[in-house]
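I opened the model to look up a helix and a sheet. My notes follow.

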Amino acid sequence: MRLVQFLLALIITTALVFFLNRPLELGDKSIPPIGKLMNPYTGFWKNATPIHELPEGTLDFPNLKGKVTVHYDDRMVPHIFAEHNEDALFAQGYITAQNRLFQMDLSSRATEGRLSEILGKRALKRDIRQRRKGMVFAAENALEEWKKHDYGWKMLMAYCDGVNAYISSLGKGDYPLEYKLIGTTPDKWTPKKTALFVKAMAASLAGGHYDIEATNTLKKFKKDTFDFLYPDYDPLQTPIIPKSKKWDFDPVVVEDDTTDNDIIDYFDYKIYERSPEGVGSNNWVVSGKRTVSGNPILCGDPHLDLSLPSIWYEMQLQTPELNAYGVSLPGIPFIVIGFNENIAWSQTNVGHDVTDFYQIKWKDENKMQYLYDGEYKDVELKIEKYHVKDVGGVLDTVRYTVWGPVTYESKTTWNKDLATQWLAHFASDKNELTTFYELNKAKNFDDYYKAIDTYNVPAQNFVFASKEGDIAIRVMGQFPLKEENQGRFVRDGSLSSSGWKGFIPKAHNPIIKNPARGYVSSANQYSTSPTYPYEYNREKFEPFRGRMANRLLAKKNKATIQDMKDMQNNNFDMKSEAALPLMLAHLDSAQIRNNRELIGALENWDNVFTPDSKAATFFTVWWRKLFYNIWDEMNQDIPLLYPTTERTIYLMKEVSHSVFFDDRRTEDKEDIKNIVTRSFMEAKEKLGDKIPVWTKFQKSRVDHLAKIPAFSRYDLGVGGAHSTLNAMTDIHGPSWRQIVELGDEVKALVSYPGGQSGNPGSPYYDNFIDTWAKGEYYEALFMKNENDHQRMMVAKQVFE
């Protein structure tokens, strides 16, 4: 009997051990092995960090050239002091990995198309998409060029060595919690992973395109209607470079090819995901001539995905060559946005279209050769292998042409495939690795100009201020040289004349220095007025934030830091200011007579998206209903291009008889009054009698990178909308705010929605969010030397 009991207990125990150490599959999701997760020695218990447990001690690294000391202030911001640049970057890599290892690893896997290795088959489609877009191709091209620049390469290798030194120091129980949940281990960090991170930013900020939708729309509505709905320029815009700017160079002449290189046909493709509205940024500088202190004040707030951990990591770097403070991107050396003792800088996204599509004319359905200038060329085949968790190896073939990878392949016909030419696929002959190194140590305008001259993609509006009093903004990046309207539609891939004509000389990139008006600014609007002699296109430049910034700055003759805070947190909406009076004027009073209280609230609304505004909620729903009711023609089985918000408002104001106000889905012929009133009633029906306040409707949140609810933050209680200066959506917003006054003593205020640690069990994981949500700031502790601000320092690490 005892033997039977023993065997039964052994079987049950063995089964239980087996069960607890395997993931539990629930449909397309899985629960991690409970036994491993609960292990007291290697499980999640090891990731609970007591508030008194700080990074301290001496670490021995024989490869260092000298001593590195890292002081941590009371917000856990590291201040790195090194005798050599490479040692500083080794420490930067080590400390960044110490706090953000999973974030770095996940980001590189996602870009490389390797998420299915750890997440299984549900991530395979995304992985295939990444490689078909040429993300790895782009990173490998960059890497080959980087290797040619010795000093930049040495600095990157020092950073990678630091990351790997931290990874090597970890025992199994020390891995970040997410690795235990997913059941994987960290990869070694390589320069290729840094290149992948750079290309991920390029995809997010310079991967926008509307070629397919525009081509389909032109085919459907013909040229006259297309040109009316999608004008090249909005005259209400206040461009980044003022309209008064005179261009002091002789432009490269681009002769328009007489050949019709555009393919105007229908392309039935599901468009790959791209950045939604709300992803952008603001920056501006007010000259000392217009500030109370007499010092220039620079402000910047990039609007990106809000995530935990944050996309940014705050730090200070000091060596004999530089002393810079700001934020870095985990995976990239140096400070990306910030300041030093002499200058400050920040970036916003330019948004020019640098992605073009070419229809490939295959010789036959085997797709092994394609027509190019009258001859058939062999396609280059790249076999992509995916190691899918719990599935095994999966193969996919990507075809490469002279234009780039074939990104879209038709499932119904073999002769409508599209290849992609993307600027980020090209390797730069400039030493991109040193852009931020040179900025970190820049002392004046000339240094700033020289530093960013090596910068290519994603193109950014680099705003600048110096202690000497200079202010400037330069539209910086590499831009294709195009003929008029080139790249707006799908091009004929069988003709070399369909391609770019070279690149615009960087000396001809738009720039303004010390303008008479006393300020510069950008918010993702048009770079220039139409007087700029080079072609650039994008269907949707941001129409409101730039105008709002310039409206406020023009009124500030004696600006203060408080004024700058107020601007960054400004929730006034120019879109509703323009649209709402028209919407109210076109309501059918007979049909809405039972809604006088609501109408009164909308009429009295101040267009400010405060957290407690119900009018903001109703306007937003009403506008969305109206927009899609007006443009019901764009809701087709093929992707079409929706007109812009500003063009829609123009139609409501100037062309109220437009045929587009007739809803093709009904037998009746509607006019603007019908469509506005019906949209109002639909909004009323959607929201009901209890209209939620704006913050409860928008539901802005900060998601964990792996979308784990327990590690995310909800109900932020913030105001703002995508078209306000405080550009908030549900998942995007100001990811970093900085205000820098460049006086004898540099004063900087900073804030971001996260924390320094990537460990959900750390008290420093999300401790900045509440301060950021209230529109408040921390004073940056910019140390002149190791002994400065010591009373605010709480921990110390030494690398030697």
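I began with the buried residues of helix α19, which are Ile672, Ile675, Val676, Thr677, Ser679, Phe680, Ala683, Lys684 and Leu687. I take buried as under 20% relative accessible area, exposed as over 50% and partly exposed as in between (1.4 Å probe, protein chains only). Helices (H or I, at least four residues) and strands (E, at least two) are DSSP runs, numbered from the N terminus.

The model is predicted: local features need pLDDT of at least 70, side-chain atom pairs count only at pLDDT 80 or more, and totals for chains, interfaces and linings use all residues. Residues are numbered from 1 along each chain as its sequence is written, and side-chain values use heavy atoms, without hydrogens and water.

I then looked up what covers these residues of α19; the cover includes α15, α16, α17, α18 and α20. Contact means heavy atoms within 4.5 Å.

At the start of α19, I found a side-chain oxygen of Asp671 within 3.1 Å of the backbone nitrogen of Lys673. After α19 comes Gly688, with a positive phi near 75°.

Next I turned to the sheet. Four strands form an open, mixed sheet in the order β18-β19-β13-β22. Its edge strands, β18 (406-408) and β22 (491-492), each pair on one side only. Two strands pair if DSSP finds at least two bridges between them. Strands β13 (355-359) and β19 (418-422) run antiparallel and are joined by five bridges.

Last, I checked Thr355, which lies in β13 and stands opposite Trp422 in β19. Thr355 is buried, at 4% relative accessible area. Its contacts beyond four places in sequence include Ala206, His209, Asp211 and Thr420.

Technical notes: A polar contact is a pair of N or O atoms within 3.5 Å; within protein, one must be able to donate a hydrogen and the other to accept it, and residues adjacent in sequence count only if both atoms are side-chain atoms.
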